[in-house]
Amino acid sequence: MERPQHYRFHQGQKTLPFSDAEYEARLRKLRAQMAEMGVDACVLTSMHNVGYYSGFLYCAFGRPYAQVVTATDTCTFSAGIDAAQPWRRGYGDNITYTDWQRNNYWRAIQTVTGSGKVIGFEGDHISHTQLGLLDAFLAPSAKTDIAPTTMKLRMQKSPAEIELIRAGAATADVGGYAIKDAIKAGVREVDVAMAGRDAMELEIARRFPDSEIRDTWVWFQSGINTDGAHNPVTCRKLERGDILSLNTFPMISGYYTALERTLFVEEVDALMGPNRGTC
């Protein structure tokens, strides 16, 4: 029985974090660099590049994902488990690869890149094994590490990006105020953290009702748990005199913003009085 190596599954309406014009502007800059470097096709494999150039934030779970950009086309590649979500949330085309044969992922990519081309790849992301499969299935005439170029391009923020980042900073403040209001002696770290996270997710839903609600979180440490900046949240109960470390991290369409503060339980008590100030 012959089964497909890949297929297109497109249903629903496309919903993207930015306008089509924004993605076309990003792709136009990338293609200009590709032409200057003599690259025929870029095989982007990282979440940050696929997200930046398509809007689709993949969830790998051990499966490979990609976006191929050529002089004329842009296409994401995803696993069947995601159904049509990658197409709905991505600019351009999408191809779903199947698991009936090992490495159908690369067979699908080859249908867009072709063989014998100059391929741009992300040297700081693709594994040695996957790079070998790229060679085997795409048979490139040459390869170029495109990662440093894409990093520089991503650093040049557009007005639309700046607007979203500012909204993220305001959302981080919402989480900070919710955390401040939840702090008191005897309350667990995890309960304070959840208050901040819930407030931020509600604020993201209010500001961006068409967005995916994902990857927003809080680090909130107390007492001895503040000795490391990235110590995880625990069930430790707050005590008077504790040093508190507050970190709110709203994530909006892959854009990360942060509010970070250090304070004492006594200071929080004062802030929560009738003349309370900002966090």
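pLDDT is the predictor's confidence in each residue, from 0 to 100. Keep that score in mind as you look through these views, because the model is predicted.

**View 1. Confidence along the predicted chain.** The protein has a mean pLDDT of 94, and 94% of its residues reach 70 or more. Now find residues 271–279, where the pLDDT is below 50. In the model, this stretch still has 19 contacts beyond near neighbours in sequence. Where pLDDT is low, the predicted coordinates should not be read in detail.

**View 2. Helix 2 packs with helix 6.** Two packed helices are described by the angle between their axes and the distance between the axes. Here, helix 2 spans residues 47–54 and helix 6 spans residues 147–155. Their axes are 11 Å apart, at an angle of about 50°. Helix 2 and helix 6 are therefore oblique to each other. The crossing of helix 2 past helix 6 is left-handed.

**View 3. Residues where helix 2 and helix 6 meet.** From helix 2, look for His 48, Asn 49, Tyr 52 and Tyr 53. They meet Thr 150, Leu 153 and Arg 154 of helix 6. Sorted by class, this contact has three nonpolar, three polar and one charged residues.

**View 4. A salt bridge between Asp 93 and Arg 8.** The structure holds 14 salt bridges, and one of them joins Asp 93 to Arg 8. The closest N and O atoms of this pair are 2.8 Å apart. Asp 93 lies in strand 5 (residues 93–97), while Arg 8 sits in the loop between strand 1 (6–7) and helix 1 (20–37), so the pair ties together parts that are 85 residues apart in sequence.

Technical notes. Residues are numbered from 1 along each chain as its sequence is written. This is a predicted model: local features need pLDDT of at least 70, side-chain atom pairs count only at pLDDT 80 or more; totals for chains, interfaces and linings use all residues. Side-chain values use heavy atoms; hydrogens and water are left out. Contact means heavy atoms within 4.5 Å. Axes are lines fitted to C-alpha atoms, for helices over the stretch in contact, and angles run from 0 to 180 degrees between N-to-C directions. Helices (H or I, at least four residues) and strands (E, at least two) are DSSP runs, numbered from the N terminus. Angles under 35 degrees count as roughly parallel, over 145 as roughly antiparallel, 65 to 115 as roughly perpendicular and the rest as oblique. A crossing is left-handed if the near helix is turned anticlockwise from the far one by less than a right angle, and right-handed if clockwise. Ala, Val, Leu, Ile, Met, Phe, Trp, Tyr, Cys and Pro count as nonpolar, Asp, Glu, Lys and Arg as charged, and the others, Gly among them, as polar. A salt bridge is a side-chain nitrogen of Lys or Arg within 4 Å of a carboxyl oxygen of Asp or Glu.
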